[in-house]
Structure formats: structure tokens, C-alpha cells
Amino acid sequence: MAMPHEVYLTLRLLHLVFMAGWLAAGLSAPSDIRRMLALGRPHVDALVPRAQRSIKITQGAGYLTVLTGVGLIFAQGGFAFVAPRIHAGFALALVALAIEAVLAEPAWRRIKKEIEGGGDLKDALASARRFSMAFGIGHLLRFVILVLMVFRF
């Protein structure tokens, strides 16, 4: 049974909206975190809730992008019926989510712990560099995914 065209278009629109959120929500988080940590206290007090919100939106949008992408793949008949560029984009999306979970999230937890602990922020700055690296790799992967989805090779 085929998916109604209106449902398919709605799913596709949601996929694009979630991907835009995944690309944009955390774009400034790494530089914001590093800048506020360099300024020190009292500037870092407002950092935790602001960065936490940005990180959660980025993660949620990433998961929803992958879920709607899987929905679009199965709406076209499954993995056997989509182009190899879709397979590559899907695999890179999973890698990007894994990088966020394995590298960025632990670095953020260390930054948050240092800030809330009230101690020296030098360790938080080191973790911020790791967080920035992980987010930078994730942004690069998301850009490559976007190119794979837009341009037909």
C-alpha cells in the first residue's frame, strides 16, 4: 500500500525542517562556550542553561531528521529502492549522531560540572576544545549530508 502523496510531502517537509534545526541550532554553541569560559565568572553563570538548550535542540533535531529520513526511505520502497547517495547520507547521519553522543556530550558534561563546581575553569576550557572539535566534525558531516541530499550524482 502506497503512502498518500500529502503524507509523503508532509514527511519530506518535516525532514527538511528537522535537518535545518540540526544544522543551525548548535552552530554557535562551541564558540559561545569558549568565549564565556575565557571571560570567566560571572559570565559563565548564564552559559549552562543557554548551551544546554542549544545542545538539546541539536540532538533532538538530529534524531528526528534520521527518523523522518527512514520514513522517507521506506515510503520509496526501502533501502533497495533509494540511490547510493541516500545510503551514504544515512550512514554519515548515524556517524554524526554517534560523534555527538560519544565525544560532544561527555565533553559538555565535564564543562558543566566544572562551571557548577565553582572551581578553576582551566579544565573546562580544555573540555571546551574537545567539544568544539566534536561539534566541528559533526557540522562538516551534516554539510556533506546536505550536499548528498541536494545534488544528484
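This note goes through the predicted model point by point, from the overall fold to single residues.

1. Basis of the note. The model is predicted, so local features need pLDDT of at least 70 and side-chain atom pairs count only at pLDDT 80 or more, while totals for chains, interfaces and linings use all residues. Residues are numbered from 1 along each chain as its sequence is written, and side-chain values use heavy atoms, with hydrogens and water left out.

2. Overall fold. The protein chain has five helices and zero strands, in the order α-α-α-α-α from the N terminus. Helices (H or I, at least four residues) and strands (E, at least two) are DSSP runs, numbered from the N terminus. Along the principal axes, the C-alpha atoms fill a box of roughly 60 × 25 × 20 Å. Of the contacts between residues at least 6 apart in sequence, 78% join residues at least 24 apart; contact means heavy atoms within 4.5 Å.

3. Surface and burial. Accessible areas come from the Shrake-Rupley method with a 1.4 Å probe, and for residues only the protein chains shown count as cover. Buried residues make up 40% of the 153 residues. Here buried means under 20% relative accessible area, exposed means over 50%, and partly exposed lies in between (1.4 Å probe, protein chains only).

4. Charge. The protein chain carries 17 positive and 9 negative side chains, and the centres of the two sets lie 6 Å apart. Lys and Arg count as positive and Asp and Glu as negative, with His and the chain ends not counted. Each charge is placed at NZ of Lys, CZ of Arg, CG of Asp or CD of Glu.

5. Side chains of opposite charge can pair when their charged atoms come close. The count comes to five salt bridges, each being a side-chain nitrogen of Lys or Arg within 4 Å of a carboxyl oxygen of Asp or Glu. One of them joins Arg-142 to Glu-100, with the closest N and O atoms 2.7 Å apart. Because Arg-142 lies in helix H5 and Glu-100 in helix H4, this pair ties together parts that are 42 residues apart in sequence. Both partners are buried: Arg-142 has a relative accessible area of 0% and Glu-100 one of 5%.

6. Arg-50 forms a salt bridge with Asp-32, the closest N and O atoms being 2.9 Å apart. This pair links distant parts of the chain, with Arg-50 in helix H3 and Asp-32 in helix H2 (residues 29-39), 18 residues apart. Arg-50 is partly exposed at 30% relative accessibility, whereas Asp-32 is buried at 13%. Asp-32, Arg-35 and Arg-50 are linked in a network of salt bridges.

7. The loop between H2 and H3. A cis peptide bond joins Arg-41 and Pro-42, with omega about 5 degrees; Pro-42 is found in the loop between H2 and H3. Arg-41 also forms a salt bridge with Asp-45, where the closest N and O atoms are 4.0 Å apart. The relative accessible area of Arg-41 is 34%, so Arg-41 is partly exposed.

8. Gln-52 sits in helix H3 (residues 47-75) and counts as buried at 19% relative accessibility. Leaving out residues up to four places away in sequence, Gln-52 touches Leu-47, Trp-108 and Lys-112. Pro-106, in helix H4 (residues 84-117), is buried with a relative accessible area of 17%. The C-alpha atoms of Pro-106 and Arg-130, 24 residues apart along the chain, are separated by 9.5 Å.

9. His-87. His-87 lies in helix H4 and is partly exposed, with a relative accessible area of 33%. Its contacts, leaving aside neighbours within four places in sequence, are with Phe-79 and Val-82. His-87 and Ile-57 are 30 residues apart in sequence and 25 Å apart in space, C-alpha to C-alpha.

10. Nonpolar patch. Leu-140, Phe-143, Val-144, Leu-146, Val-150, Phe-151 and Phe-153 make a nonpolar surface patch of about 740 Å². Patches are made of residues with over 30% relative accessible area and no salt bridge, with like charges joined within 9 Å and nonpolar side chains (Val, Leu, Ile, Met, Phe, Trp, Tyr) within 5 Å. Leu-146 belongs to helix H5 (residues 122-150) and is partly exposed, with a relative accessible area of 33%.
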